[in-house]
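Hello,

The structure we talked about is pasted below. Please open it first and then read the notes that follow.

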Amino acid sequence: MEHITLLIGIVIVTALVFDFTNGFHDTANAMATTISTGALGPRVAVAMSAVLNLVGAFLSVEVAKTISGGIIDEGSGIQPEVIFAGLVGAILWNLVTWLAGLPSSSSHALFGGLIGATVVSVGMDGVNGDAIVMKVLIPAVAAPVVAGIATVAATRLTYRLADNRAAEDTAKGYRAGQIASAALVSLAHGTNDAQKTMGVITLALVTGGVIAPDSDPPMWVIVSAGLAIALGTYLGGWRIIRTMGKGITDIQPPQGFAAQTGAATVILASSHIGFALSTTQVCSGAVMGAGVGRKGGVVRWSTAGRMVAAWALTLPAAGLVADAAALLDDHGNGGIAAVAVLAVLGCGVIWLLSRRKPVDASNVNAPGAESAEPVGVVTAAVRSVAPPPAGKTASAADATDGTDATDDADTSNAHASNVSGSTSGKDASSESAPTPATAGTGSTS
Amino acid sequence: MHIDWAALGQVFGVSLAVTVGVVGVFTLGIIGTSRTAQPQPQAAAGGASPVARTGAYACFALCAAVVAYGIYLIVA
């Protein structure tokens, strides 16, 4: 280990930081619906997920061995600087999407960053175009569709079968089942994503000549990668958890169970059959499917749309940041230092921005997040008017009633604001001090 | 460019079948162990019948086996 240079050390630290953001970003995949249905308390849920991620990191090193070789051509002269630039791109994009509360794939950010940096420093030859399409594009499109359809079918089935059962009796069972499914997702995530970081660190060690090509990751790499992802998971990306658990649709215990089981099944089936699908897209697709599958369930397509836009942007955005970082890196040690400083500054700015509207374990289930959008208001009204499983056949009718009521409320609100607007206009034109009465009207609206 | 449609189709088929299967069986278990949602709780005293309860436990055991197989797939 005495061969490790300062540069390799920086790359390893950066890779562990990426691993941390990865855990933090992907807690939502396993735990968002578990938290929003109340199957587990927020703190317990993230703690369980963290432990399972840590366990998962030790289970296998198969992914770590293949991650580096597939998309980037190891033999084309990749330097540690390039890996560093790629990681910086991936970390910054992960933090930006976290700030926006959007679940995007950490793996895609990593691939995008590595590809972007490779293109700048080695040229297009260093990138394997077919591998990008096969390993990134097709899985990203297929994952939400497969998971969504499976979950829609499962949600329909379970609501139909358990139609005449007491909701308070069934909720307990659904929650227990959901915890099991969520545990599987966490474990699978640990084996997959912690290993990606191990693969990157191993790649850095290989390119730096510290260890021989094609060797297994050393033990200290496995331990540190596992710990970094577990710590990130435990701190919890509460913003993303809120979007997945509450923002896309309102999840009830049967839906949460169906979505989490669908996600676990798709992840395991795909990795076992050898057509790996991205965890984030699978889980998001499953949540949307659960929303579609319930009668009276509402999917907020505006939120879903923003999420899909973030997915589409992930690869190019992380790639562009990495491009810029790689360009700076070319200017020797000063360039690398500049990239490091800029990256730390960028992370600091994003963290400061996040403090303006903090989301944590205490308010992750609060309905306030999406209610800024008019869609959220409509959904809240529908939900309060029509509790769907109890409504059975009448739920569709209830839902339309709810929409009507909301429309009424909207128009009356608009009316009220018109009134207050005209009142303040009058005040302004008469240039008189506002009387207590008009001041009161203004403040109530 | 070669896209492995067969593998993708297989993933889709297996995922759909297993998800619907597991959720269905688990729901049967839940039905076996819960009371019906009647306004007047005349069934509340006895709860589910012993036969239904046994069947429900069999359903849960089947689901547990599927989870165990899932863990086996992750480890192997």
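**What was found**

The model is predicted, so please read it as such. Helix α13 of chain A covers residues 332–356. From its first C-alpha to its last, this 25-residue helix reaches 37 Å, close to the 36 Å expected at 1.5 Å a residue.

Which residues of α13(A) are buried? They are Ile336(A), Val339(A) and Ala343(A). These buried residues pack against three helices of chain A: α1 (6–36), α4 (80–99) and α12 (301–329).

Another residue to look at in chain A is Arg242(A), which is placed in helix α9 (residues 238–247). Why does Arg242(A) count as buried? A residue is buried if 20 or more other C-beta atoms lie within 10 Å of its own, and Arg242(A) has 24 C-beta neighbours inside 10 Å. The C-alpha atom of Arg242(A) is separated by 6.5 Å from that of Asn365(A), although the two residues are 123 apart along the chain.

Next, the two chains together. On the chain B side, 35 residues are in contact with 44 residues of chain A. Two elements of chain B, α1 and α2 (50–75), each give two or more residues to this side. Helix α1(B) gives the most, with 21 residues. Sorted by class, the side of chain B that touches chain A has 23 nonpolar, 10 polar and two charged residues.

One helix pair in this contact can be described in detail. Helix α10 of chain A (residues 253–273) packs with helix α1 of chain B (residues 5–33) at an angle of about 145°, and their axes are 9 Å apart. The crossing of α10(A) and α1(B) is right-handed. From α10(A), the residues making the contact include Ala258(A), Gly262(A), Val266(A) and Ile273(A). From α1(B), they include Ala7(B), Val11(B), Val18(B) and Val22(B). By class, this helix contact has 10 nonpolar and seven polar residues, and no charged ones.

Last, the record for chain B. An unreviewed UniProt entry places the feature "transmembrane region" at residues 12–33 and 54–75 of chain B. How much of each span is helix in the model? Residues 12–33 of chain B are 100% helix and 0% strand, with their end C-alpha atoms 32 Å apart. Residues 54–75 of chain B are also 100% helix and 0% strand, and there the end C-alpha atoms lie 31 Å apart.

Regards

Notes: Residues are numbered from 1 along each chain as its sequence is written. Chains are lettered from A and ligands numbered from 1 in the order in which they are written. This is a predicted model: local features need pLDDT of at least 70, side-chain atom pairs count only at pLDDT 80 or more; totals for chains, interfaces and linings use all residues. Axes are lines fitted to C-alpha atoms, for helices over the stretch in contact, and angles run from 0 to 180 degrees between N-to-C directions. Helices (H or I, at least four residues) and strands (E, at least two) are DSSP runs, numbered from the N terminus. A crossing is left-handed if the near helix is turned anticlockwise from the far one by less than a right angle, and right-handed if clockwise. Two residues are in contact if their C-beta atoms, placed from the backbone, lie within 7 Å. Ala, Val, Leu, Ile, Met, Phe, Trp, Tyr, Cys and Pro count as nonpolar, Asp, Glu, Lys and Arg as charged, and the others, Gly among them, as polar. The expected span of a helix is 1.5 Å times one less than its number of residues. A residue is buried if 20 or more other C-beta atoms lie within 10 Å of its own, exposed if 12 or fewer, and partly exposed in between; C-beta atoms are placed from the backbone. UniProt positions are given in the numbering used here, feature names are shortened, and annotations may be inferred rather than shown by experiment.
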